[in-house]
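Here are my notes on this model, in the order I would check them. Please keep the structure open beside the text.

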Amino acid sequence: MKVFNKKVAIIGTGFVGTSIAYSMINQGIANELILVDIDKAKSEGEAIDLLDGVSWGQENVNVWAGDYQDCQDADIVVITAGANQKPGQSRLDLVSINAEIMKTIVNNIMKSGFDGILVIASNPVDVLTYVAWQASGLPVSRVIGTGTTLDTTRFRKELSQRLAIDPRNVHGYIIGEHGDSEVAVWSHTMIGTKPILEIVDTTERLTSDDLPIISDKVKNTAYEIIDRKQATYYGIGMSTARIVKAILNNEQAILPVSAYLDGQYGQQDVFTGIPAVVGNQGVTDIIELNLNTAEKELFQKSVTQLKQVMASLQPNA
Ligand code: NAD
């Protein structure tokens with residue numbers, strides 16, 4: 001019998017990997033956290049530093065720098081390794097270099113005998129989740145990208161600030177590519193249980209003219225941060241920790257992860273950000289939103305763009 005030991009390995013201990021680890025430790029999400037990086041000294045230093053704070057944390061957690069063979073009995077392996085966006089670069093610019101890194105890493109993980117759930121954060125995340133799934137041979141349900149979880153929390157934050165409402169009471173999703181073609185689903189955004197489209201123009205805090213401004217701001221947040229501090233990591237740290245928690249606690253939480261579409265939304269053979277049910281079997285269901293015509297068109301455009309990038313990775317393209 002597989003013992004569910006809440007053991008998580010993180011591959012890549014740069015800004016994103018360590019922010020995920022820090023969020024997980026602070027929230028007491030895992031019992032064992034293994035850090036793996038091509039730069040072993042870095043992962044060792046990060047493990048010592050992170051472990052230093054554990055006596056003040058929520059739970060006892062063992063944090064150590066390991067190797068690929070340590071993934072063998074992990075419940076989850078989170079992959080964050082790869083080049084990050086530089087100022088002026090889009091996420092899709094990173095594709096060929098990070099696809100090669102992803103294949104090597106997944107091969108190493110699978111050689112260990114790993115049989116758990118892969119969570120991918122490296123960019124471009126939707127394309128790399130597909131690459132990881134193909135390289136792993138795991139069922140699609142057990143390969144999950146962070147998708148639009150970060151964009152969605154940014155969306156909730158923006159609306160929360162405008163309306164002076166707790167962001168946890170803002171319900172709505174960004175879907176599609178985690179990137180420039182992502183789509184804000186205004187038709188299904190709720191404040192509490194009230195549709196946002198019934199709230200706009202009833203308050204000076206939010207007019208219909210503000211909606212495209214807000215979705216553009218959400219889309220461009222990463223560029224704003226990267227221009228100022230070269231990388232984004234706390235937001236994705238919290239978002240990935242949320243996904244890992246949903247899996248380890250078998251929550252059946254609805255999260256906008258990058259999941260495999262097999263006919264849903266009229267799309268086939270692609271991973272992209274959509275609300276999906278997440279628990280200890282991975283993604284068990286996809287929530288199909290009844291998008292309006294404009295949202296449908298934008299979502300299809302976003303998926304088409306992802307498919308074009310995926311096609312460019314084929315050997316003869
Ligand atoms: P970083 O440069 O700080 O860290 C990357 C780490 O990966 C480094 O420590 C490096 O040594 C390691 N690494 C590189 N190749 C490796 C390999 N083959 N095996 C093991 N380790 C290897 O970068 P970062 O800021 O942490 O970003 C990491 C990735 O996360 C990037 O692709 C970035 O675009 C992505 N990211 C994703 C989101 C999201 O929402 N999904 C948000 C922010 C960043």
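1. Pro 124 sits in the loop between β5 (117–120) and α4 (125–136). Helices (H or I, at least four residues) and strands (E, at least two) are DSSP runs, numbered from the N terminus. The peptide bond from Asn 123 to Pro 124 is cis, with omega near -5 degrees.

2. A word on the basis. This is a predicted model, in which local features need pLDDT of at least 70 and side-chain atom pairs count only at pLDDT 80 or more, while totals for chains, interfaces and linings use all residues. Residues are numbered from 1 along each chain as its sequence is written, and side-chain values use heavy atoms, with hydrogens and water left out.

3. Asn 123 also reaches the ligand: one of its backbone N or O atoms lies 3.0 Å from a ligand oxygen. That is a polar contact (a pair of N or O atoms within 3.5 Å). Asp 37 places a polar side-chain atom 2.6 Å from an oxygen atom of the ligand. At Ile 38, a polar backbone atom is 3.2 Å from a ligand nitrogen. Taken alone, the ligand exposes 860 Å², and the protein buries 86% of that. Areas are from the Shrake-Rupley method with a 1.4 Å probe.

4. Which residues come nearest to the ligand? They are Val 16, Asp 37, Thr 80, Asn 84 and Ala 121, out of 25 around it. Near means that a heavy atom of the residue lies within 4 Å. By class, this shell has 12 nonpolar, 12 polar and 1 charged residues. Gly is counted as polar here.

5. The largest share, 3 residues, comes from α3.

6. The structure holds 10 salt bridges. The criterion is a side-chain nitrogen of Lys or Arg within 4 Å of a carboxyl oxygen of Asp or Glu. One of them joins Lys 7 to Asp 73, with the closest N and O atoms 2.5 Å apart. Lys 7 belongs to strand β1 (residues 7–11) and Asp 73 to the loop between β3 (62–65) and β4 (76–79), so the pair ties together parts that are 66 residues apart in sequence.

7. Last, check Asp 201 in the loop between β11 (194–195) and α6 (210–229). Its phi is near 70 degrees, a positive value in a residue other than glycine.

Conventions:
Polar contact = N/O pair within 3.5 Å; in protein donor to acceptor, adjacent residues only side chain to side chain.
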